[in-house]
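I open my notebook on a new model.

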Amino acid sequence: MSNTHAPIPERIPALTPIYTRLHTLAETLMRVICGLILTVHGYPKIMDPFRAVPMVEGLGFYPGVFWAPLLAATEFFGGILLALGLFTRPVAIAASVILLVTVYAHWIPMGQGYSGAEKSILWLGMSIFFAIRGSNAHSIDAKLGRQF
């Protein structure tokens, strides 16, 4: 099996230069949005990191006084790092782990099924993308000349 792929011809070839120019910008926009949403979601947790202790212990993560602040820091500071494109892969991996837990939490213990887990699944897809892909030219990782 070959690792090379034949390019798929565009339906409207005249748009190819536009798509080519916007490819990196669209990827950057997705990373920044993913990171900012994670930051906003983590903000209330970082303001009171022990408030989530009952929730994390209810999901089976003991001791909650350890896991709740870790969750808060990962969401808030990890979101900032992801938006900036710094330590993109490790942060995206940490976010993916959290999001896998939220998919499970909404689907099983909360009994909401797909409709309750839908946003977490979407967000998980984005975080997995960056865990695998890393950041691009519009990132601090790129400015440092390293992909982590």
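I looked up isoleucine 140 first, and it lies in helix α6. Helices here are DSSP runs of H or I with at least four residues, strands are runs of E with at least two, and both are numbered from the N terminus. Isoleucine 140 is partly exposed, at a relative accessible area of 30%. Buried means under 20%, exposed over 50%, and partly exposed in between, with a 1.4 Å probe and protein chains only.

I noted the origin next. This is a predicted model, where local features need pLDDT of at least 70, side-chain atom pairs count only at pLDDT 80 or more, and totals for chains, interfaces and linings use all residues. Residues are numbered from 1 along each chain as its sequence is written, and side-chain values use heavy atoms, without hydrogens and water.

Then I took the whole chain. I found six helices and zero strands. Along the sequence the pattern reads α-α-α-α-α-α. The C-alpha trace spans about 55 × 35 × 30 Å along its principal axes. Of the 148 residues, 33% count as buried.

I checked contacts, meaning heavy atoms within 4.5 Å. Among those with a separation of 6 or more, 66% join residues 24 or more positions apart.

I found 10 positive and 7 negative side chains, with the centres of the two sets 9 Å apart. Lys and Arg count as positive, Asp and Glu as negative; His and the chain ends are not counted. Each charge is placed at NZ of Lys, CZ of Arg, CG of Asp or CD of Glu.
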